[in-house]
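User: I would like to learn how to read a protein model step by step. Could we begin with the surface?

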Amino acid sequence: MTKKGVVLLKSESRKTKKGFWISEDLDEKVDIYLCLDNCASRSEFVENALRFYIGYLNTKNAGGFLPEALSAMLTGTLDNFAGRMGSLLFKQGVDLNVLGQIIAYDTDIDEGEYQRLRGRAIRDMKRTNGRISFKDALDFQKLV
């Protein structure tokens with residue numbers, strides 16, 4: 001359907017011409033950003049700007065303007081990451097338990113010695129933010 005040479009899309013409502021005043025500096029900015037926003041006309045740019053601002057006024061929160069696709073992508077990515085981390089932590093826990101069972105099977109250690117080693121492990125983890133190596137533990141055991 002056309003009206004005075006303008007093609008209207010099915011989803012587009014009829015448009016009416018409106019007049020308004022605008023400062024020269026803002027008018028210059030419209031010309032600059034018109035190209036950057038890939039708008040075909042000043043009317044399209046102003047209409048997009050008005051839709052955005054009306055949406056902003058409705059929510060009173062600029063954060064509400066993240067496109068739904070971006071929000072869904074971030075949520076999906078974070079959910080995927082959390083699931084993967086949970087799975088890896090479970091696998092690591094199982095492997096650590098197996099290792100502990102093997103060592104306990106072949107080690108003759110009393111409760112006091114166990115508590116002393118556990119206390120040292122906790123102190124080492126806190127001191128190094130979890131960055132300790134098997135070599136560090138081996139060196140400590142050779143000193144004892």
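Analyst: Accessible areas come from the Shrake-Rupley method with a 1.4 Å probe, and for residues only the protein chains shown count as cover. Here the protein chain exposes about 13300 Å², and carbon and sulfur atoms supply 60% of that area. This is a predicted model, in which local features need pLDDT of at least 70, side-chain atom pairs count only at pLDDT 80 or more, and totals for chains, interfaces and linings use all residues. Residues are numbered from 1 along each chain as its sequence is written, and side-chain values use heavy atoms, with hydrogens and water left out.

User: What share of the residues of the protein chain counts as buried?

Analyst: A residue is called buried under 20% relative accessible area, with a 1.4 Å probe and protein chains only. Of the 144 residues in the protein chain, 7% count as buried.

User: Which elements does the secondary structure of the protein chain have?

Analyst: Helices are DSSP runs of H or I with at least four residues, and strands are runs of E with at least two, numbered from the N terminus. The protein chain has five helices and two strands, in the order β-β-α-α-α-α-α from the N terminus on.

User: How should I read contacts between residues?

Analyst: A contact means heavy atoms within 4.5 Å. Among the contacts in the protein chain with a separation of 6 or more, 16% are accounted for by residues 24 or more positions apart.

Key: Buried means under 20% relative accessible area, exposed over 50%, partly exposed in between (1.4 Å probe, protein chains only).
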